[in-house]
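Two packed helices are described by the angle between their axes and the distance between the axes.

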Amino acid sequence: MPRITKVYTRTGDDGTTGLGGGQRVEKDSLRIEAYGTVDELNSVLGVAQVYCEDKQITKWLLEIQNDLFHLGSDLCVLEEDKQKYSIPQIEKRHVDRLETIMDQCQAELAPLKEFILPGGSSGAAQLHIARTVCRRAERITLSLSKISAVSSNVIPYLNRLSDALFVLARYENLKGEVSDIFWNPSA
């Protein structure tokens, strides 16, 4: 694992940054955009933790934030370099854990019969923001995968995570005894 001894290096002043394998790439490349958006998502989840009142949800969010560091690591190192460097990566177990979380929550949630609007409690609203950032990370990573190899569990993880954040928003509302807000298609 790298040790951060100095926050600034000046090496990025030319508009490039270093990948985990040492390659220099433009800061606006899809790879940087992908893991930068994952970093943004992690920060949004940090805010969501502050607003979520259910302690089980905040515990899950902390686990997910840790997963997102695995995901950033996974995206920051090219596939051909992963044998050379022992780095944390997103594995099937991370995807499976998200499914388990959703199953646990959905066992208590009423089935949806209509669309809901983002909102309800403060925590749920923050989780909906996180869900939309996650969807953006997924779209960018999918674009990246069309030009450069991406680990096989990365896109499924992001897809499952956005679903999990939707379920967690509903679960936060349920636990806080706040009603979901239903879309009024005739408004």
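## Helices α1 and α2

The crossing of α1 and α2 is left-handed (the near helix is turned anticlockwise from the far one by less than a right angle). Helix α1 spans residues 30-51 and helix α2 residues 55-76, and their axes lie 9 Å apart at an angle of about 165 degrees. The two helices are therefore roughly antiparallel to each other, the term for angles over 145 degrees.

In the contact (heavy atoms within 4.5 Å), α1 contributes residues including Y35, V38, L41 and L45, while those from α2 include L61, L62, L68 and F69. The residues of this contact divide into 14 nonpolar, six polar and one charged.

## Helices α3 and α5

Helix α3 (residues 92-106) and helix α5 (residues 154-175) have axes that come within 9 Å and cross at roughly 20 degrees. They are therefore roughly parallel to each other, as angles under 35 degrees are classed. Here α3 passes α5 in a left-handed crossing.

Among the contact residues are V95, L98, I101 and M102 of α3, and Y157, L161, A164 and V167 of α5. By class, twelve are nonpolar, two polar and three charged.

## Basis of the values

The model is predicted, and local features need pLDDT of at least 70, whereas side-chain atom pairs count only at pLDDT 80 or more. Residues are numbered from 1 along each chain as its sequence is written, and side-chain values use heavy atoms, leaving out hydrogens and water.

Note on methods
Axes are lines fitted to C-alpha atoms, for helices over the stretch in contact, and angles run from 0 to 180 degrees between N-to-C directions. Helices (H or I, at least four residues) and strands (E, at least two) are DSSP runs, numbered from the N terminus. Angles under 35 degrees count as roughly parallel, over 145 as roughly antiparallel, 65 to 115 as roughly perpendicular and the rest as oblique. Ala, Val, Leu, Ile, Met, Phe, Trp, Tyr, Cys and Pro count as nonpolar, Asp, Glu, Lys and Arg as charged, and the others, Gly among them, as polar.
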